[in-house]
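I opened the model to look up how the two chains meet. My notes follow in the order I made them.

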4 protein chains.
Amino acid sequence: MDGRQIDVFRIPMRGPADVSGLIAHIESGELDPRNIVAILGKTEGNGGVNDFTREYATAALCSGLSPFLDLPAAAVEERIAFVMSGGTEGVLSPHMTVFARRPAAHQPDHAGAKRLSIGIAMTRPFLPEEIGRASQVEATSAAVLAAMRDAAITDHADVHYVQIKCPLLTAERVEAALARGNVTVTKSSYSSMAWSRGASSLAVAVALNEIPVPVADDAILRDWNLYSGVASASAGIELMRGVVIVFGNSVHATGRYVMGHGMMRDAIDLQGLLAAFSSVGLVSRDRPMEIATDRIVNVFAKAEASPTGQVRGFRHTMLDDTDISSTRHARAAVGGLIAGLSGCGAVYVSGGAEHQGPPGGGPVAVIATVEDIASTPP
Amino acid sequence: MDGRQIDVFRIPMRGPADVSGLIAHIESGELDPRNIVAILGKTEGNGGVNDFTREYATAALCSGLSPFLDLPAAAVEERIAFVMSGGTEGVLSPHMTVFARRPAAHQPDHAGAKRLSIGIAMTRPFLPEEIGRASQVEATSAAVLAAMRDAAITDHADVHYVQIKCPLLTAERVEAALARGNVTVTKSSYSSMAWSRGASSLAVAVALNEIPVPVADDAILRDWNLYSGVASASAGIELMRGVVIVFGNSVHATGRYVMGHGMMRDAIDLQGLLAAFSSVGLVSRDRPMEIATDRIVNVFAKAEASPTGQVRGFRHTMLDDTDISSTRHARAAVGGLIAGLSGCGAVYVSGGAEHQGPPGGGPVAVIATVEDIASTPP
Amino acid sequence: MDGRQIDVFRIPMRGPADVSGLIAHIESGELDPRNIVAILGKTEGNGGVNDFTREYATAALCSGLSPFLDLPAAAVEERIAFVMSGGTEGVLSPHMTVFARRPAAHQPDHAGAKRLSIGIAMTRPFLPEEIGRASQVEATSAAVLAAMRDAAITDHADVHYVQIKCPLLTAERVEAALARGNVTVTKSSYSSMAWSRGASSLAVAVALNEIPVPVADDAILRDWNLYSGVASASAGIELMRGVVIVFGNSVHATGRYVMGHGMMRDAIDLQGLLAAFSSVGLVSRDRPMEIATDRIVNVFAKAEASPTGQVRGFRHTMLDDTDISSTRHARAAVGGLIAGLSGCGAVYVSGGAEHQGPPGGGPVAVIATVEDIASTPP
Amino acid sequence: MDGRQIDVFRIPMRGPADVSGLIAHIESGELDPRNIVAILGKTEGNGGVNDFTREYATAALCSGLSPFLDLPAAAVEERIAFVMSGGTEGVLSPHMTVFARRPAAHQPDHAGAKRLSIGIAMTRPFLPEEIGRASQVEATSAAVLAAMRDAAITDHADVHYVQIKCPLLTAERVEAALARGNVTVTKSSYSSMAWSRGASSLAVAVALNEIPVPVADDAILRDWNLYSGVASASAGIELMRGVVIVFGNSVHATGRYVMGHGMMRDAIDLQGLLAAFSSVGLVSRDRPMEIATDRIVNVFAKAEASPTGQVRGFRHTMLDDTDISSTRHARAAVGGLIAGLSGCGAVYVSGGAEHQGPPGGGPVAVIATVEDIASTPP
């Protein structure tokens with residue numbers, strides 16, 4: 001398998017449309033825009049239905065990259081996977097993480113050590129009536145495996161984070177299904193987002209053998225014991241396909257980065273977070289609190305308010321707050337903990353976690369530079 | 001000096017008016033209501049101007065305790081210091097901490113070891129024109145020293161948390177000053193809360209020799225290098241005096257509790273938080289991440305959005321959010337970190353921190369049970 | 001039938017617990033507290049799940065009236081019907097409307113003219129599994145008729161406003177039903193409020209012959225063509241019965257007040273509002289804009305965001321706003337229109353209008369003083 | 001003076017970036033994009049500091065118009081005056097109003113009747129230290145007069161609405177002033193917006209002889225008795241000049257439109273609103289409630305929460321609400337009233353009204369089609 005080198009850039013944003021940091025990296029020669037495969041951003045909207053910062057950031061990225069790629073703005077979005085997550089509550093800081101991939105000049109010489117790799121795949125276009133159902137799980141699961149192959153990852157245990165963009169329903173799509181004599185899983189656009197995220201996340205669990213197969217229609221958004229420990233899904237109106245980005249480690253990848261993950265079983269699960277950090281050697285056995293924060297490139301986590309209304313037996317008020325949505329509460333709290341441990345607010349904490357980790361918890365992955373740069377090839 | 005025993009009860013609340021947990025402690029005989037000296041609560045309002053959960057909780061406590069103390073409800077508030085802090089964002093959990101004090105049956109037998117003590121004092125009534133000015137600092141400072149004596153604490157280093165309730169201005173109070181030919185520091189009720197908190201907090205710093213004396217009028221809410229590392233102030237409309245509650249350790253106190261504190265220099269200052277935990281022996285040198293959370297009785301912290309708009313060089317969006325006030329953001333984030341480290345969301349994290357710790361940071365104090373009552377060294 | 005005199009007092013509130021205005025009316029002799037039958041209040045919370053101003057206001061009223069009624073505070077709530085509606089958005093002003101009823105000294109001498117009357121009735125206690133179903137409709141409908149009789153109103157057309165307090169489900173209540181082998185209409189407390197309001201409102205429609213009978217289970221919260229033009233329902237946790245208050249005009253009532261109503265077909269239905277005003281003679285045929293606002297005692301209206309996402313073909317954004325709940329938007333807008341027309345913000349505009357008026361619209365009732373007591377025609 | 005024809009298009013927007021309606025008007029031939037002089041939009045953000053829908057809408061308009069004007073997107077903003085006002089609370093509906101101006105084919109033949117005209121002028125670039133001070137008032141006042149000339153309006157009484165875009169301060173601009181040895185009126189960006197709006201609005205009052213001259217520095221944001229009855233100002237970061245758009249009626253203009261205005265003295269001033277409607281003949285003397293809503297093209301109003309905390313003696317809660325900013329409350333309420341009277345939610349109600357109408361009130365202007373289309377020239 002061909003070697004590939006992965007580069008990662010965490011770039012602060014001064015506003016949803018600020019692409020100046022990205023352009024600076026391109027103009028300095030550090031980043032060849034043609035190598036960009038994915039950009040994951042945290043933007044400063046409310047993360048809810050009327051959060052326009054996500055589409056605004058995407059539009060600005062398309063416009064900004066257009067001249068560098070010699071493509072019309074609209075075509076940029078077809079070439080690069082943009083995933084914008086709204087909501088930078090508390091200490092969270094707006095930023096983007098840019099992933100670039102290029103053929104490695106030579107095979108990795110780091111003695112078989114695995115390095116961060118990234119792979120992308122798409123599903124076929126879904127019919128509206130497939131959203132939130134077993135057929136979405138099935139097709140997305142196949143795409144996860146394809147993305148793994150694209151990432152040159154063979155072992156499930158080497159997959160540490162799977163980001164999925166999935167479609168949602170609109171009134172027109174619901175109508176189109178009805179015209180075919182079929183009923184969609186819901187008529188509500190908003191609810192369809194949860195259905196699509198749930199099915200996509202279970203697809204990851206299926207692909208990685210985390211749960212038994214097959215997944216029945218009625219397990220989706222119902223059987224919360226079924227979940228993936230590495231899935232992160234977000235629904236968007238702009239596509240009817242699923243886009244799958246697999247992140248993990250591969251012997252065929254070279255570069256300065258490794259990835260690992262852990263599982264936060266609830267929103268205050270310090271040990272789950274430390275397990276993620278330990279998995280890439282950020283925590284020494286003797287001095288666990290002296291985290292090697294300077295090696296952290298970014299942390300990717302899902303957060304949600306515990307549906308029981310309690311965290312470890314103590315009542316929380318996130319689900320009863322008519323002023324602030326529970327997703328904002330959850331991002332702020334989990335973001336506070338992760339930022340505290342990693343020493344930086346520019347971390348990717350995203351809300352809404354159907355079948356993404358256990359109820360009230362969520363996966364947490366970390367990308368770090370390898371410990372000893374000297375031995376890393378250029 | 002007479003020995004005294006301090007008891008502390010952390011009691012969850014199912015709503016702002018829920019006193020059932022408190023009553024249960026009284027009826028079980030664990031807590032003699034006549035010994036209650038102070039109750040610090042976290043209630044689930046927005047913590048802002050229109051947060052009525054604070055006064056509602058106080059009213060419910062007065063009504064609930066009234067029959068047990070054989071006092072009219074209105075008289076209960078004169079006997080017990082109630083400090084209600086609104087805002088249980090993120091994983092924070094509504095609860096009250098009840099402090100009771102009674103004469104010790106005998107002198108402490110723990111070989112001179114210090115135990116949690118508590119003392120209370122009041123200032124004279126202030127004139128409206130004194131609020132937010134040097135004379136408030138001076139008089140409150142004297143009350144801090146009086147409360148230390150009441151707590152039988154002689155060494156400044158043994159004071160770990162000073163909670164102050166201080167007055168605010170109203171239109172009538174501003175008018176009354178004008179009628180005397182005097183001008184108040186502000187005409188705005190809302191602003192006067194910050195002025196009063198700031199002067200009160202500087203009073204703590206003066207009393208504990210944390211800053212040079214005297215404090216000039218124009219240093220208040222201006223010279224942010226002046227602050228106390230243990231002050232926590234809140235302004236209330238119901239009084240014109242200051243009420244000072246000093247918490248710390250004393251050789252004259254007995255009981256199961258010790259207190260310590262640290263300083264969070266910013267909202268993600270993990271090491272500052274760990275220092276507080278270490279000060280009461282919750283963190284072992286070898287295994288700093290294995291915090292003895294089962295010994296934690298409660299954590300008391302102030303949180304605020306960094307006024308620079310950044311935390312460690314990364315932009316935060318708390319001050320620019322027109323949808324959610326920055327105090328709510330800050331409590332959610334700091335609460336997430338503290339809850340994560342202490343394994344519990346029922347911690348006392350309060351917003352608004354003028355001269356309470358450095359800008360963007362705040363004091364953090366912890367009450368813990370003693371490790372092994374028999375063997376604790378002096 | 002015995003004559004009765006109705007008195008109505010609209011009293012501003014300076015805060016949720018402000019009963020000083022009410023007490024002043026009592027102490028001045030204007031209002032005999034033993035005659036109070038119902039108090040409808042607008043309190044300044046968010047009107048949502050975590051709006052504690054409603055229960056706080058009720059608690060303050062119970063405490064405040066307790067000495068005047070020589071009853072323990074808890075017993076006051078059994079004697080007087082309190083209906084607190086949260087949310088004073090925009091120009092809406094916190095206030096209470098106190099309704100008092102006493103035997104008339106003599107039969108009405110206004111020549112058979114009808115005057116404002118009020119009647120109250122309760123349903124039997126409901127089982128949890130009845131909430132939101134046809135049996136709730138049926139029993140509540142009987143209570144509406146009983147309240148009509150209590151109000152001495154015989155003609156359906158004389159009923160202008162029916163306020164219902166109805167029960168909701170809690171986890172315990174859902175469990176209790178399950179233990180009996182029965183399933184509740186929903187497991188969610190929040191959703192159960194809508195179910196209970198919907199069933200209660202349809203009960204009014206049934207009692208007043210506004211819709212065909214019987215109402216099937218599956219029409220509730222589904223067939224939005226079924227609605228009452230005079231119902232206003234709110235769900236509360238404190239009761240398992242329904243409490244019905246009927247307002248209308250009766251020949252057996254005396255006093256200075258008459259009532260009428262109209263229907264706002266959408267949130268900007270000026271003509272519907274004017275129809276309500278016209279029904280009590282506030283609008284002259286020649287000068288419709290010169291409304292006799294000095295005769296208005298209060299206006300009672302329900303408001304909701306149009307579920308189609310549009311008002312008269314123009315998109316609104318109330319349902320997509322993750323920052324502000326749609327009920328707050330709707331109250332602010334409808335409150336602005338009603339306050340503008342009636343010249344006063346202390347009007348009772350309440351949100352959530354399942355089967356209360358057409359989708360996106362709602363009933364609007366008005367109480368006015370009679371034009372010229374001496375000369376009013378029959 | 002040359003004749004000119006003004007065209008006005010009110011176009012709904014399906015989202016902040018929706019320019020499809022505008023493009024449709026262009027492609028249908030109704031609107032020549034080269035004639036567009038100004039676009040005033042209502043976008044669906046929160047209208048506060050972090051409302052990105054304004055800049056997002058402007059960016060989308062620039063991109064969308066760019067190919068039609070054969071200009072780079074950045075150059076479009078220099079050619080057309082874009083004024084985006086955030087906040088579509090309650091029934092307000094996102095939309096844009098497009099103003100186009102072209103030379104009239106022939107002199108107006110409507111017998112000297114005045115028709116809607118529009119004129120634009122810019123001030124010189126301001127120094128940061130001029131913002132919010134008398135020199136901004138002076139220079140802006142001159143620009144108002146220049147814009148009047150551009151609109152071919154000679155009589156002050158024919159000016160019905162003056163929209164101003166004005167600069168604000170940033171940290172860099174404050175620093176630049178300091179480097180010159182000058183102090184700005186405030187260091188806060190947020191506060192500088194109010195200062196700049198206030199000075200700009202007083203400039204309109206000066207130009208139109210509404211207040212005595214000169215305006216002293218210390219009258220700005222202090223003497224609230226000074227205000228313009230037709231000014232509407234908004235501050236933006238993108239410019240250091242002031243841009244002034246004068247709307248009114250001129251004998252030199254032709255087209256189907258006339259304009260008038262009134263003054264709402266408070267947020268529920270129905271009569272002030274009716275006066276505006278009457279000024280363009282929408283209200284008949286005999287049937288004032290039968291407003292000719294089909295002739296309304298758009299209504300332009302400013303709204304704010306009364307700074308006294310009361311509206312006609314009744315307390316409002318807008319200024320004490322920590323959950324929703326007072327500007328959102330005010331727009332929702334005033335929008336509800338205006339939409340109710342005009343039968344449409346797509347009206348331009350904008351918040352923040354320093355020196356724009358009396359405290360708690362604001363100007364309200366209306367554009368209507370002329371009554372008798374038959375007599376209007378093409």
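I started with the surfaces. The interface residues of chain A are, to 100%, also interface residues in chain B, so the copies meet through the same surface. I note that this is a predicted model.

I went on to the extent of the contact. Chain A puts in 45 residues and chain B puts in 45 residues. Between the two chains about 3,400 Å² is buried, and carbon and sulfur atoms give 61% of that area. On the side of chain A, the residues that lose the most area to chain B are Met289(A), Phe314(A) and Arg315(A), together 21% of what that side buries.

I count 4 salt bridges across the interface by the rule. One I looked up pairs Glu44(A) with Arg315(B), whose closest N and O atoms are 2.6 Å apart.

Last, I asked which elements of chain A supply the side that touches chain B. Helix 7 (270-279), strand 13 (314-315) and helix 8 (326-342) each supply at least two residues. Helix 8 of chain A gives the largest share, 9 residues. By type, I list that side of chain A as 23 nonpolar, 11 polar and 11 charged residues.

Terms used:
Residues are numbered from 1 along each chain as its sequence is written. Chains are lettered from A and ligands numbered from 1 in the order in which they are written. This is a predicted model: local features need pLDDT of at least 70, side-chain atom pairs count only at pLDDT 80 or more; totals for chains, interfaces and linings use all residues. Side-chain values use heavy atoms; hydrogens and water are left out. Contact means heavy atoms within 4.5 Å. Buried area is the accessible area (1.4 Å probe) that two parts lose on being put together, summed over both. A salt bridge is a side-chain nitrogen of Lys or Arg within 4 Å of a carboxyl oxygen of Asp or Glu. Helices (H or I, at least four residues) and strands (E, at least two) are DSSP runs, numbered from the N terminus. Ala, Val, Leu, Ile, Met, Phe, Trp, Tyr, Cys and Pro count as nonpolar, Asp, Glu, Lys and Arg as charged, and the others, Gly among them, as polar.
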